[in-house]
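Here is a briefing on a predicted two-chain model. Please look over the sequence and the structure before reading on.

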Amino acid sequence: MRTLARLLILTAITLSSLTAQSPPPGFEKPDHDIKIGVRSGLLRYDTEKFTVGAGSKVKLTLVNSDEMVHNLLICRDDDYVTATVAAAAMMLGPDASKTHYVPDIPEVLFHTKAISTGQEDTIWFEAPKKPGAYPYICTLPGHTFTMTGVMRVGDAAELKQDLPIELLRYRLYKGKWTMLPDFDSLPHDRDGGIEDGIVDLSKLDEESNFGASFTGIIKVEAAGQHTFFLNSDDGSRLLVDGKMVVEYDGQHGPAKEQKGEIELTAGRHLLRVDFFQGTGGKALRLAYAGPDQQRRQLSNDKNEIKTRVTPISVHHHPVVMRVHVEEAAARSIAVGLPHGINYCFDADACCVQFGWGGAYLDVGPDRDGRGGRPCKTLGQRFQVGNIGFPLRTADGREQPSRFLGYSTDGTPSFTINWGGKEVHWSIAASKGGVGLEYSFAIPAAHEDVQFVIDHNDLKLASSTGQWQDGTLTVPAQHAKKFTVTVTTATGAKK
Amino acid sequence: MIHSSHRHTFFAVAVTLLVGSKLSAQQPATIPAGYRVETIALPDGVAFGVSGLSFAPDGTLYACTREGQVWTLSNNEWQLFASGLHEPLGIYVAPKTSKVFVVQRPELTELIDQNGDGRAERFRTVTDAWGLTNNYHEYAYGPVCDSKGNFYGTLNTTLSWPGWAGSEEWDVARVHDGKMGRAAKYRGWSFRVTPDGTFEPWSSGLRSPAGIGINAKDELFCTDNQGDWVATSCLHVLGKGDFHGHPSSLTDHPDYADLDLNSITVEKYGELREPAAVNFPHGDLANSPGEPIVDDTKGKFGPFAGQMFVGDQTRSNVFRVVLDKVQGHYQGCAINFIDHLQSGIIRSRFASDGSLWVGQTGRGWRSRGKTTFGLERIVWDGATVPFAIHSIQLTKSGFKVRFTRPANATIAASKEAYKIERWHYKHHANYGSPKFEQMAVPVSDVQLSEDRMTAHLSTPLHAGTMYQFNIDVTADNDQTLSNHVAWYTLNRLYE
């Protein structure tokens, strides 16, 4: 198996080198040479944002080091364009692979081929002339939720203004500290400007026993509450307009990201970050987010210890794991279905707590060190209207429910003792939209059964019965076997 | 179509052929003569923190892992039997029916291979009656099964002190500022599950009872790990209704339902508890012991038949426990056996050929040894009788030290060969206990039996005291003792 996979990889590499792509006329010297990889097992691109000049010549290479097939489609900068493109891709049906999962619609501007492990594909194109944010996605089934990014297009002048931190400068200090000193009262060793506007310790060229004070200007788009994130090894503090916003002083590793909030007006604000390093590992990571500003990194990752992720991948068959999951019940069962839909069952309350689109689980927190910490869901959670075990008697009464176990033969199915009757509840991905399909089997049912749900923001359908708001009444003759489909009305957010 | 491709994938992934599965291991620093250690090859590329072992009647070994899988080993071939379990810490294959049970964090589960493809696809909940939060310390251990088909297991307390837990959400039922508490029902209890699946709390007062054991008389034992309210790691006898000393669990005891557990004094808890039968001096012998296994090999594993073997998760050693019944209560001695193996040990099992299989996981508490997980087998050559302290028992006037083979008569009859110290531990909310009033114990007389295998020592005796024996005796063939230190927990005296 492993040898075979290796052979395939080798073949793929040989093939791609044999069919080395050459640029079309006029693109021999592109303005931008962008390489985008895939974070293995995570259903994420390794680059989720890049910037090109309006009308510039772009060479873009998708490198697939993941175990799954991926593509990359750059879309128009319309609202909800990725949902439109993803939906069109899903409609392609069984022949989708022939067209590389690319729907033939005007929303798709440029695209790579769908490529498998070890392959890469290069495309050349002229960037749109209209500045804006052009999303890109992978349209392989289920990948759209998390394999996204944005190509920003701007004119040259605008690009320059979009530095993360304008007029960024540093002052370097030498000394041994266990806490941050008052740098302003100390003589600095040297100072300088940082042109690309990104805080990066590697530019200081120091390993141990030094300190630095970074100053610069950030441009706030919209007034309101802003959150600043800070992590460092060793100590650091972050000030905006002279006010302390986050402090992470003392000697430590980058154990836990700290954050602080501050109300800012639209416009430019003075940012200052003080940092010191003793010996050993060094890291400084800062970012911010605001009302009209998605989290933006203000530092370079190179110096930082990568957060360890131990992803479990789902391929052709469902994966069922009993684990602690972040913000979920203690007796959780995390189920990963093929095509990027996952859900979390609560074996205590006998209900589906939530679903998520994207990759499955990071089990690192459960496995590393002493373990036992909650696993992280990888992707975007969606609600399924959970109000506990969803079945009621014909007259709307709740009955005690007790978990009896589950089966992993085919679609995962949970068995529940519901007021003395056995209920088999199997849960699959909905066939359309983002959601789940519940199949209930109640062999001993001989009366009407009600299914109840918090129906806000959900689209509901069923094989039988009448809906009234969030209550489905299943007539007795169909109560032994019926299905309910729960999909999110809005889909996963852009 | 789909089904057949599924099977194909399964076999391709799950079966690892082993060529020469038993690799000879580097032998431990301390190992009695006649014993050797073999390392068992594990499936390639699988994190395999062994957390449970059980042999099926056909000899197939079932091993569960902290990573949530169950593997079988048969004819030198590993096969994946189940996956997706929540940190199972014990597995039991019923000797008559071959049914497979595990205790995982949330429940006692039967794993059922319904379609006979060698892989469980049905997970039947036998009981999930105990409470659970997402606190990492809420381990569940077991099961063992008695002759009537009842299951038993133990439940860890919650790590409650916010300074260690990192949150106040689990700070429930900490007593006198101990570290562990009870954030969910029956934490700190042992339990019984009847064959029809009814859960019954069995005994209370446990802290971190990482291993449960049973003997042929259906007597139950478990070890507990040193910490708050546990002076040093130890072995408890689990009598129905017993309170073992850690108060947080009393929250779920009907007699304490309306009481503030902090209103009861430390001294009172000391009186209420059934003291540990055998203490394992922390740092000297054990730091975090796993399950006690009775040597039921009838001599196939050497001269220690009927004794208990316990592995330690931190020290990676295996030691022996020899029980001594005094006034109807068990107490006894502990003696190191093999020190140390390749990784930390919480589970072991005797195979039908009399070898002791030792499951290893070093994850979490930094075990000694070169690997973070593994599986080894300790084998006796069937002939060599090592010179060892077989057992120490209490007499009315002192102790009876028994050797595994005749001793050198001159040395074994001299008082100087026996250096004895004593001390006592304090039962309190603090994390562990120092040794109090440590002092030498004089030996006033030694009488060696005619077969030169038993030395009767006359010494002063004090109840509630640990005795440490440092014995410098050689065998009649000049062999030295494989382990010359033993510890006797003297709870009760003969009247």
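In chain A, 65% of the contacts between residues at least 6 apart in sequence join residues at least 24 apart. In chain B, residues 24 or more positions apart account for 60% of the contacts with a separation of 6 or more. The model is predicted.

**Chain A**

- Chain A contains four helices and 38 strands.
- Its C-alpha trace spans about 85 × 55 × 50 Å along the principal axes.
- Chain A has 494 residues, and 39% of them count as buried.

**Chain B**

- Four helices and 36 strands make up the secondary structure of chain B.
- The C-alpha atoms of chain B fill a box of roughly 80 × 60 × 40 Å along the principal axes.
- Of its 495 residues, 52% count as buried.
- The radius of gyration of chain B is 23 Å, which agrees with a compact globule, because a globule of 495 residues would have a value near 23 Å.

**Contact between the chains**

- The contact involves 24 residues of chain B and 24 residues of chain A.
- On the chain B side, helix H1 (2-14) and strand S11 (122-127) are the elements that give two or more residues.
- S11(B) gives the most to this side, with four residues.
- The chain B side divides into seven nonpolar, ten polar and seven charged residues.
- Strand pairing also crosses between the chains: strand S30 (residues 401-407) of chain A runs antiparallel to S11(B), and three bridges join them.
- Within this pairing, Gly405(A) has Arg124(B) of S11(B) as its bridge partner.

**Domains of chain B**

- Chain B is divided into domain 1 (2-380) and domain 2 (389-490).
- The C-alpha centres of domain 1 and domain 2 of chain B lie 30 Å apart.
- Domain 1 of chain B brings 35 residues to the contact, and domain 2 of chain B brings 25 residues.
- On the side of domain 1 that touches domain 2, four elements of chain B each supply at least two residues: helix H3 (266-272), strand S21 (278-279), S24 and S25.
- S25(B) gives the most to this side of domain 1, with seven residues.
- The residues on this side of domain 1 divide into 17 nonpolar, 13 polar and five charged.

**An eight-strand sheet in chain B**

- Eight strands of chain B form an open sheet with antiparallel pairing, in the order S22-S23-S24-S25-S36-S35-S31-S32.
- Strand S22 (289-294) and strand S32 (436-441) of chain B are the edge strands, and each pairs on one side only.
- On average, neighbouring strands of this sheet are turned by 25° against each other, direction ignored.
- Inside the sheet, strand S24 (residues 318-326) and strand S25 (residues 329-338) of chain B pair in the antiparallel sense over nine bridges.
- Val318(B) stands opposite Ile338(B) of S25(B).

Technical notes
Residues numbered from 1 in each chain as written. Chains lettered and ligands numbered in written order. Predicted model: local features only at pLDDT ≥ 70, side-chain atom pairs only at ≥ 80, totals over all residues. Pairing = 2+ DSSP bridges. Axes fitted to C-alpha atoms, helices over the stretch in contact; angles between N-to-C directions. Domains from an automatic or database assignment. Contact = placed C-beta atoms within 7 Å. Nonpolar A, V, L, I, M, F, W, Y, C, P; charged D, E, K, R; others polar. Buried ≥ 20, exposed ≤ 12 C-beta atoms within 10 Å, placed from the backbone. Rg over C-alpha atoms; globule rule 2.2 N^0.38 Å.
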